[in-house]
Amino acid sequence: QVVPILPWVTLDHLHYASAMELLFYIDHQGTRRHFRIRLGDVLHIGRGLRCAVQVSDIGASTQHVELTVAEVAGPLLELRARDVSLNGTGIVITDGGSPLDSRVRDMHKGCQEVLYEG
């Protein structure tokens, strides 16, 4: 499952590492990085030096998006994104796998959006 959450960052190959953590890749500017996020962890995406994924786009806030993992219905985990930016965030949704079939859904400020449930 590929989840482009920002124009510059794509989540890919989400899967369980254990009962309480997810593994995934983030593609950014031609570089693929592996991440492991556990229940209770917060992974930041933005221009700030303390962000796990740093983007250089001037449209990105210092801390733009937070990724977290939440437990739902027994052993199932959700990967969630929360807009913490000053100027808003959109999730790019591709219906047919093609960028031509994509649309952007604006995230609601401060609310969590489910990116992956499994």
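A nonpolar core is a set of buried Ala, Val, Leu, Ile, Met, Phe, Trp, Tyr and Cys residues joined through side-chain atoms within 4.5 Å. In this predicted model, the largest such core has 19 residues. The protein chain has zero helices and 11 strands, and 42% of its 118 residues are buried.

**Nonpolar core**
- The residues with the most contacts inside the largest core are L22, F24, I37, L43, I45, L67 and L79.
- At least two residues of this core come from each of β3 (21-28), β4 (31-38), β5 (42-46), β7 (65-72), β8 (76-83) and β11 (112-117).
- In soluble globular proteins, nonpolar side chains tend to be buried together.

**Sheet**
- Five strands form an open sheet in the order β6-β5-β7-β8-β11, and the pairing is mixed.
- β6 (53-54) and β11 are the edge strands, each pairing on one side only.
- Five bridges join β8 and β11 in the antiparallel sense.
- R82 has Q112 in β11 as its bridge partner.

**Salt bridges**
- The structure contains four salt bridges.
- One of them joins R36 and E21, with the closest N and O atoms 2.9 Å apart; R36 lies in strand β4 and E21 in strand β3, 15 residues apart.
- E21 is buried at a relative accessible area of 8%, whereas R36 is partly exposed at 39%.
- A network of salt bridges links E21, R36 and R38.
- E66 and R82 also form a salt bridge through their side chains, at 2.8 Å from N to O; this pair connects strand β7, which holds E66, with strand β8, which holds R82, across 16 residues.
- E66 counts as buried because its relative accessibility of 14% is under the 20% limit.
- R82 is partly exposed, with a relative accessible area of 26%.
- The side chains of E78 and R80 meet in a salt bridge at 2.7 Å, N to O, and E78 is buried with a relative accessible area of 9%.

**Loop residue H108**
- H108 sits in the loop between β10 (102-106) and β11.
- Its relative accessible area is 53%, so H108 is exposed.
- Leaving aside residues up to four places away in sequence, H108 touches D83 and E113.
- The C-alpha atoms of H108 and G90 are 9.0 Å apart in space, and the two residues are 18 residues apart in sequence.

**Whole chain**
- Of the contacts in the protein chain with a separation of 6 or more, 40% are between residues 24 or more positions apart.
- The protein chain exposes about 6,500 Å², of which carbon and sulfur atoms supply 52%.

Notes:
Residues are numbered from 1 along each chain as its sequence is written. This is a predicted model: local features need pLDDT of at least 70, side-chain atom pairs count only at pLDDT 80 or more; totals for chains, interfaces and linings use all residues. Side-chain values use heavy atoms; hydrogens and water are left out. Buried means under 20% relative accessible area, exposed over 50%, partly exposed in between (1.4 Å probe, protein chains only). Helices (H or I, at least four residues) and strands (E, at least two) are DSSP runs, numbered from the N terminus. Two strands pair if DSSP finds at least two bridges between them. Contact means heavy atoms within 4.5 Å. Accessible areas come from the Shrake-Rupley method with a 1.4 Å probe; for residues, only the protein chains shown count as cover.
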